[in-house]
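Reader: Please go through the terms used for this model. I want each label set against its cut-off.

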Amino acid sequence: MRFLLACLFAALAFAPARAADLPLIDAHIHYSHDAWDMLPAKEAINVLRKAGLKKALLSSSSDDGTLKLYAEAPDIIVPELRPYRSRGEIGTWFRDETVVTHIQERIAKFNYVGIGEFHIYGPDADSPVMRRIVEIAKTNNLILHAHSDAEAVDRLFAQNPTARVLWAHSGFASPDKVREMLRKYKTLWADLAFRSEHGSGGKVDAAWREAFVEFPDRFMVGTDTFTPERWYYIEEHAKWSRAWLADLPQDLAERIAYKNFEALFAGMKIGPK
Amino acid sequence: MKRRLLALVFLAPISAALAQQPTFTPAEIRKIVGHGPWPPPATLDAGNRVSGKPDAIALGEILFFSTKLSGNGQLACATCHVPELGWSDGKKTPNGLSAVDRNTPGLLNIRLNRWFGWDGGSDSLMGSVIRPWLDTREMGVSPVHVAKALREDAALACRYRKIFGPLESDDAVVMANAAKAIAAFQETLATSRTPFDDFRDALAVGRADPSYPEAAKRGLKIFVGKGDCQLCHFGPAFTNGEFHDTGISQFIAPGKIDNGRFGGIKFLRESQFNRLGRFNDDATGANAVATRHVETTHRNWGEFKVPTLRNLEATVPYMHNGSLASLHDVVKHYSEVSPDRVHSDGEALIRPLRLSAQESDDLVAFLRTLSVAADNRPFQKRHDSRTCE
């Protein structure tokens, strides 16, 4: 009997996921200033609900966008603090010391789960501003959501070996490189936002499948709404994600779809202080 | 001594002309020469068995200007594709049976495309003719309507039979054949040689072309240099035939957007008139390889077709939504486009060019040398719709 139950459990664990009703959390959403007029907060939340998302990791330029959506739907929005006060700061923020003050002031008033998504590459990850942000994240137990190359990720971990880093777009690196980095750092997670090659046509690419199997607890899906218009892609992206996740065993699909996210942010306090 | 003096006299004007030119590096010359020769060789469409056939071209011309193939009997292809306007309509966005969201593209050189329409929703010229017929905002007709119009007009039916044989009972086949005739006609629409082509040909053999304006030369240098415009506006037709997000808004209205190439790929794959279907005349299927493999990717959301730059002056206004009213506005857009808006990982080719006023004027001067007024004369119809020649 025990053997039969074990077989049944194993069969369920390795059965392909069911696409249509798979819960999903989107780990890469922005609601930046140029979206607010064309897509008011209520409508933005409707988009997330229509896509069937359980939660969404949200950061915005400026952070006011994140707070607007959080106020509208605290049940779905998981806020992180973006260092940019407008989108034009993507390439300059890490040289601007006022960013540190901005971060500190915001964190003093609100509980976020992380700092990011920020863009940092190569040696710039060792800039004084970036170093301060790594320290602030450490002090406040926040994750770092880094849109970075592998070199910058190395430099972030060199500053704080116990940092928790969510690697945006998994650095647009190859699956082999992503695996190498995940092996190297036990507290590195990988978002798959704005990548298509791992799940094109509803089939999981062989090299990516190996990565998912080796690190079932580290991957997450995300849309990346880097323009206002991309909000209208969230629903399509959710359908697309469910399609390729259905090509994985159910347990693995559920982890990537939402359980890894829930585990990473479990117990973190969110909301006004 | 006398001979040497004579040689100097003959060489002097050439040297002077060369001295006035902006200097082009060998790499720039290679890029410039890559925009020719013009015209390119004529080729037939393997997917259209009547491509290049005079009888089909004649029927296609008649149907192109006929209002019988529209839902209200008042619209023809030529209503929006006006010959004197580069076979476009000069409007931001047109009205067919109702308002349409996209700017009417010109038709000159259309045969050189691989994908058709701003979103590439058609993979053949035949498909691109059928699409506005079936769109309820544009011509709003069905295969039944098109087949009936051909069957009930004695002259049209006669012309059809001479090309395709008896009018089939399958209305979709009749409609596809009518579209193939119009496609055969559209294949004949081409631009003439331009001042740029003369300059390019001279440069290719190391000669000077003193008639080519200095401002245009400076603009050309920006086009192949600082601007790297030729990365997308590539080759003799000045287009790579593909799709990019150039930072133009996708919003049609609050809450309504144009998803561009993403929707185009979906439309194409679902269309019974794509090259994977029964209306493709290429028995080898070789012309359907791209259609078989094209897949939506995240980057396709908001991408639009790279248009040809030939005869650009006549096809104002510009971009997929007609939002830019002049060539200066287009150059200003690329000069100031926000790199955050186009996202460096999504669209790595687009970056703000930060052109000075002089550079912008020079780039526009170059673009103007890709047009000639003669290409936009009223079209002289060659065939009588009332007869069956």
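Author: Helix α2 (residues 26–33) of chain B packs against helix α10 (residues 214–224) of chain B at an angle of about 95°, and their axes are 10 Å apart. This is a predicted model, in which local features need pLDDT of at least 70, side-chain atom pairs count only at pLDDT 80 or more, and totals for chains, interfaces and linings use all residues. Residues are numbered from 1 along each chain as its sequence is written, while chains are lettered from A and ligands numbered from 1 in the order in which they are written.

Reader: Why is α2(B) called roughly perpendicular to α10(B)?

Author: Angles under 35 degrees count as roughly parallel, over 145 as roughly antiparallel, 65 to 115 as roughly perpendicular and the rest as oblique. The angle here is about 95°, so α2(B) is roughly perpendicular to α10(B). Axes are lines fitted to C-alpha atoms, for helices over the stretch in contact, and angles run from 0 to 180 degrees between N-to-C directions. Helices (H or I, at least four residues) and strands (E, at least two) are DSSP runs, numbered from the N terminus.

Reader: Which residues make the contact between α2(B) and α10(B)?

Author: B:Glu28, B:Lys31 and B:Ile32 of α2(B) make it with B:Leu220, B:Lys221 and B:Val224 of α10(B). Two residues are in contact if their C-beta atoms, placed from the backbone, lie within 7 Å.

Reader: What makes B:Trp87 buried?

Author: A residue is buried if 20 or more other C-beta atoms lie within 10 Å of its own, exposed if 12 or fewer, and partly exposed in between; C-beta atoms are placed from the backbone. B:Trp87 has 27 other C-beta atoms within 10 Å, so B:Trp87 is buried. B:Trp87 sits in the loop between α4 (77–80) and α5 (125–134) of chain B, and its phi is near 60°, a positive value in a residue other than glycine.

Reader: Why is A:Phe172 called partly exposed?

Author: A:Phe172 has 14 other C-beta atoms within 10 Å, so A:Phe172 is partly exposed. A:Phe172 belongs to the loop between β7 (165–167) and α7 (175–184) of chain A. Phi of A:Phe172 is near 50°, again a positive value in a residue other than glycine. Most residues other than glycine have a negative phi, and most peptide bonds are trans.

Reader: Where are peptide bonds cis?

Author: A cis peptide bond with omega of about 5° joins A:Ser61 and A:Ser62. The bond from B:Val316 to B:Pro317 is also cis, with omega near 0°. A:Ser62 is in the loop between β2 (53–59) and α3 (64–72) of chain A.

Reader: How do you know that β1(A) and β2(A) pair?

Author: Two strands pair if DSSP finds at least two bridges between them. Five bridges join β1(A) to β2(A), which run parallel. A:Ile25 stands opposite A:Lys55 in β2(A).

Reader: Which residues touch the most other members of the largest nonpolar core?

Author: A nonpolar core is a set of buried Ala, Val, Leu, Ile, Met, Phe, Trp, Tyr and Cys residues joined through C-beta atoms within 7 Å. The largest has 88 residues, and those touching the most other members include A:Leu144, A:Trp167 and A:Ile256. Its largest share, seven residues, comes from helix α10 (residues 250–264) of chain A. A second, separate core of 45 residues includes B:Trp87 and B:Phe164.
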